[in-house]
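Q: Hi! I have a model open here and would like to talk through its layout with you. Could you have a look with me?

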Amino acid sequence: MRAIVLGAGVVGVSTAYALAKRGVEVTVIDRQPGPALETSYANGGQISACHVTPWATPNTPRQLAKWLGRPEAPLYMPLLRCDPALWRWGLLFLMNTPLAKSRRNLERALRVAMHSRNLVKVWRSELGLEYDHKSKGILNFYRDPREFEAACKSNAAMNAKGLDREVKTPDECLALEPALETVRPELVGGIYSPSDESGDAWKFTQGLAKAAEALGVLFRYGTPIRALEAENKRITGVLLAQGERVGCDAAVVCLGSFSGKITESVGFGLPIYPGKGYSITVSTEGHGGAPEVSLIDDENKMVFSRFGERLRAAGTAEMNGWNDNIDARRSRVILEKTRKLFPNASDYAEPNFWAGLRPCTPDSVPIMGASPVEGLWLNTGHGTLGWTMAAGAADAVADAITGQTPAIDLAGLGMNRFGE
Ligand SMILES: Cc1cc2nc3c(=O)[nH]c(=O)nc-3n(C[C@H](O)[C@H](O)[C@H](O)COP(=O)(O)OP(=O)(O)OC[C@H]3O[C@@H](n4cnc5c(N)ncnc54)[C@H](O)[C@@H]3O)c2cc1C
């Protein structure tokens with residue numbers, strides 16, 4: 001079988017590797033000059049299977065009302081944005097806020113995330129991948145007693161689903177991560193997941209691309225895709241921007257936030273809207289105050305991961321269309337919050353600012369599996385958790401493509417769920 005993987009982000013490269021391991025002849029096509037140069041480049045670094053929570057929950061409308069239109073809020077939606085795609089997406093999002101839907105979505109996302117967390121460990125040891133990974137768990141710390149109480153209440157239910165999440169007192173949080181000393185006066189507790197991990201998704205993807213190449217995968221970088229081509233509702237190939245046609249027996253769409261723009265060429269769109277997020281990366285060389293344990297700051301909706309001598313802080317979501325321009329004000333907010341929390345972690349002299357577009361679905365569940373066009377497969381829409389889910393999603397989709405039974409049930413993960 002000749003397959004084309006569209007997109008060389010962490011999801012596309014994982015998919016290419018998983019297919020090549022199953023004996024498929026794979027070509028990966030991407031407009032960038034190398035792997036993982038868009039959303040997979042400088043994300044928060046967390047493999048956070050135990051902290052999978054859909055954005056749409058019964059509490060979200062209340063939080064949204066608090067944040068709406070405020071540029072410094074963790075979630076920013078410009079009120080006057082005239083964007084039918086955002087309105088359609090927003091409506092589907094609101095339909096996913098009832099408790100029953102939010103629980104169902106959590107179960108679906110967890111299925112992928114748990115499988116993926118295990119597989120990343122397997123790939124790491126099989127391939128000797130080096131990506132500044134840390135296996136010190138993830139600590140979600142709280143300042144708001146109400147939020148902490150709610151998190152503790154849901155903890156038993158989460159543990160019953162096989163997640164190892166431990167409730168921690170403020171002292172226990174500090175024992176785990178002494179760098180949290182600055183927040184001690186406000187700290188009310190934390191939820192710690194010892195088996196979650198962190199690491200640099202860009203480095204991981206680079207390493208995996210090399211492993212895929214060694215299995216015979218052909219990477220065509222610097223190659224924008226214009227459209228898909230199908231005959232009688234069956235995929236026949238991909239049309240490149242320069243006019244070249246590349247034929248295939250199967251194609252997998254892994255184009256992140258741009259997936260729907262390309263599937264429209266064969267008659268269907270996808271409910272994926274870009275949720276722009278920001279990160280800063282600073283050098284910690286010569287400084288002793290940076291955290292070692294990967295952290296989630298619940299109140300500020302920010303995450304922190306340590307990669308060797310670098311500290312990455314990431315957060316915010318901006319539903320503002322398909323542009324990854326860096327808004328100086330919003331990235332400064334991340335810088336200042338990080339400096340306040342970890343004043344001794346860095347001199348903060350030369351931060352690297354970055355923004356990327358999370359491919360967000362309205363239910364926070366990726367879109368995986370078959371499409372209405374025979375031979376055209378989807379592995380996209382991993383939203384806030386693409387790094388957490390990439391390996392497991394790739395493995396399951398590769399099984400489906402090659403006619404094997406996937407290790408996880410794909411029911412409820414396909415695009416047909418939006419017609420439910
Ligand atoms: C601030 C921030 C923090 C995050 N933190 C975390 C985290 O801690 N943990 C986690 O699990 N996830 C996190 N994420 C989410 C994660 O980064 C994404 O879900 C993931 O990178 C998506 O990967 P992808 O391969 O689907 O998309 P991408 O990495 O965007 O890859 C898509 C590829 O398609 C290519 N492409 C698009 N259109 C075309 C075209 N027309 N022609 C050719 N090529 C095309 C692009 O060049 C790109 O390489 C974060 C995201 C952000 C923004």
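Q: Thanks! Let's begin in the sheet: which residue of β20 does Val252 stand opposite?
A: Val252 stands opposite Trp377 in β20. Strands here are DSSP runs of E with at least two residues, helices are runs of H or I with at least four, and both are numbered from the N terminus.

Q: Before we go on, what kind of model is this, and what pLDDT do local features need?
A: This is a predicted model: local features need pLDDT of at least 70, side-chain atom pairs count only at pLDDT 80 or more, and totals for chains, interfaces and linings use all residues. Residues are numbered from 1 along each chain as its sequence is written.

Q: Good. How many bridges hold β13 and β20 together?
A: Three bridges, with β13 and β20 (residues 376-380) paired in the parallel sense. Two strands count as paired if DSSP finds at least two bridges between them.

Q: And what about β13 and β1?
A: β1 (residues 2-6) and β13 (residues 250-253) run parallel and are joined by four bridges. Val5 stands opposite Val252 there, and Val252 is also the residue opposite Trp377 in β20.

Q: Which strand does β1 join through five bridges?
A: That is β2 (residues 25-29), which runs parallel to β1. Arg2 has Glu25 in β2 as its bridge partner.

Q: So what's the order of the strands in that sheet?
A: The six strands go β9-β2-β1-β13-β20-β19, in an open sheet with mixed pairing. At the edges are β9 (218-220) and β19 (367-370), each pairing on one side only. From one strand to the next, the twist averages 20°. Angles run from 0 to 180 degrees between N-to-C directions, and axes are lines fitted to C-alpha atoms, for helices over the stretch in contact.

Q: Which strands does α1 lie across?
A: α1 lies across β1, β2, β13 and β20, and runs at about 170° to β2.

Q: New topic: how is the three-strand sheet arranged?
A: It is open, in the order β10-β11-β12, with antiparallel pairing. β10 (225-231) and β12 (245-247) are the edge strands with a single partner strand each, so one side of each has no neighbour in the sheet. The twist averages 30° from one strand to the next. β11 (residues 234-240) and β12 pair over three bridges, and Gly237 has Gly247 in β12 as its bridge partner.

Q: Now the helices. What span does α4 reach?
A: α4 (residues 99-127) has 29 residues and reaches 41 Å from its first C-alpha to its last, close to the 42 Å expected. The expected span is 1.5 Å times one less than the number of residues. Just after α4, Gly128 takes a positive phi of about 65°.

Q: How do the axes of α4 and α10 cross?
A: They come within 7 Å and cross at roughly 90°. The two helices are therefore roughly perpendicular, a term for angles of 65 to 115 degrees.

Q: Which residues of α4 meet α10?
A: Val112, Ala113, His115, Ser116, Leu119, Val120 and Trp123 in α4 do, and their counterparts in α10 include Thr388, Met389 and Asp395. Contact needs C-beta atoms, placed from the backbone, within 7 Å.

Q: Last one: which residues come nearest the ligand?
A: Of the 42 residues around the ligand, Gly9, Gly44, Gly256, Gly277 and Gly386 come nearest. A residue is near if its C-beta atom, placed from the backbone, lies within 6 Å. α1 (10-21), β14 (273-283), β18 (352-360) and α10 (386-401) each supply at least two residues of that shell.

Key: Parallel < 35°, antiparallel > 145°, perpendicular 65-115°, else oblique. Contact = placed C-beta atoms within 7 Å.
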